[in-house]
Amino acid sequence: MSDGDHGHHVCPTCQQVVKRAKIDVVDVRAAVEADRLTATDVFKRTYVGHGTQSSVFVFQGHPGRFRTHVHTTHDEIGYVLEGTGSVTVGGVTRPVKKGDVWVIPANTPHGGQFQDAPQVLFVSSPIDDPDNQDRVWLD
């Protein structure tokens, strides 16, 4: 067993082995810098960690609208690292800026509109599996 590898973990929702779960400390700024959004990317999710029941990633987007969608299996909590704009969660629109937090329960429609390029740290629970996305676009 290596550092950060503490055996197999089973997802409480799907009962499959969670291969990405590990103990780690990550420099978020460096992780984002190494995985920068490009002009050809619609958006980017830079995963910085997975636990046994949660995931952490940084959403990077372009200025403008981000389409409305739901996640069928997990909640999300967003924390604005960079950018200003507005988010609509469950039909309620509110302004957001650096340092703001919002909570999105599973199956709740949400989207956004940003004046400048956003970077939002998201914590999702249970696991947000990058190989098995539960996002359903609504528009």
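This is a predicted model: local features need pLDDT of at least 70, side-chain atom pairs count only at pLDDT 80 or more; totals for chains, interfaces and linings use all residues.

Me: Which residues are closest to the centre of the largest cavity?

Reply: The largest cavity is lined by 18 residues, and the closest to its centre are Phe59, Phe66, His69, His110 and Phe122. Two or more lining residues come from each of β3 (43–50), β4 (55–61), β5, β9 (101–104), β10 (110–114) and β11.

Me: Which of those gives the largest share of the lining of the largest cavity?

Reply: That's β10, with four residues.

Me: And how does the lining of the largest cavity divide into nonpolar, polar and charged?

Reply: Ten of the lining residues are nonpolar, five are polar and three are charged.

Me: OK, pockets now. How much space lies in the second largest pocket?

Reply: About 220 Å³. Its lining is made up of Val28, Arg29, Val32, Glu33, Arg36, Leu81, Glu82, Lys98, Gln119 and Leu121.

Me: Which elements supply at least two residues of that pocket's lining?

Reply: α1 (28–34), β6 (75–82) and β11 (119–125) each do. The largest share comes from α1, which gives four residues.

Me: How many residues in the lining of the second largest pocket are charged?

Reply: Five are charged, alongside four nonpolar and one polar.

Me: Good lead-in to charges. How many salt bridges does a search of the whole structure find?

Reply: Eight salt bridges turn up in the whole structure. As background, side chains of opposite charge can pair when their charged atoms come close.

Me: Show me one. What does the side chain of Lys44 meet in a salt bridge?

Reply: The side chain of Asp35, at 3.1 Å from N to O. Lys44 is buried, with a relative accessible area of 18%, while Asp35 counts as partly exposed at 26%.

Me: What about Asp139, which side chain does that one meet in a salt bridge?

Reply: Asp139 pairs with Arg67, at 3.7 Å from N to O. Asp139 sits in the segment after β12 (135–137) and Arg67 in strand β5 (residues 64–71), so this pair ties together parts that are 72 residues apart in sequence.

Me: Are those two buried or partly exposed?

Reply: Asp139 counts as partly exposed at 41% relative accessibility, and Arg67 counts as partly exposed at 35%.

Me: Which residues do salt bridges with shared partners join into one network?

Reply: Asp35, Asp41 and Lys44 are joined into one network that way.

Me: Last topic, Glu76. Where is its place?

Reply: Glu76 is in strand β6. This residue is buried yet has no salt bridge.

Me: Why does Glu76 have no salt bridge, and what is the nearest side chain of opposite charge?

Reply: The nearest one is Arg45, and that is 4.3 Å away.

Me: Then what does the side chain of Glu76 make a polar contact with?

Reply: With two histidine side chains: His71 at 3.4 Å and His74 at 3.5 Å.

How values were computed: Residues are numbered from 1 along each chain as its sequence is written. Side-chain values use heavy atoms; hydrogens and water are left out. On a 1 Å grid over the protein atoms alone, a cavity is a set of points where a 1.4 Å probe fits but cannot get out, and a pocket is an open set with protein on both sides within 12 Å along at least five of seven lines; lining residues have an atom within 4 Å of a point. Grid points are joined across faces, edges and corners, and a volume is the space filled by probe spheres set on the points. Ala, Val, Leu, Ile, Met, Phe, Trp, Tyr, Cys and Pro count as nonpolar, Asp, Glu, Lys and Arg as charged, and the others, Gly among them, as polar. Buried means under 20% relative accessible area, exposed over 50%, partly exposed in between (1.4 Å probe, protein chains only). Lys and Arg count as positive and Asp and Glu as negative; His and the chain ends are not counted. A salt bridge is a side-chain nitrogen of Lys or Arg within 4 Å of a carboxyl oxygen of Asp or Glu. A polar contact is a pair of N or O atoms within 3.5 Å; within protein, one must be able to donate a hydrogen and the other to accept it, and residues adjacent in sequence count only if both atoms are side-chain atoms.
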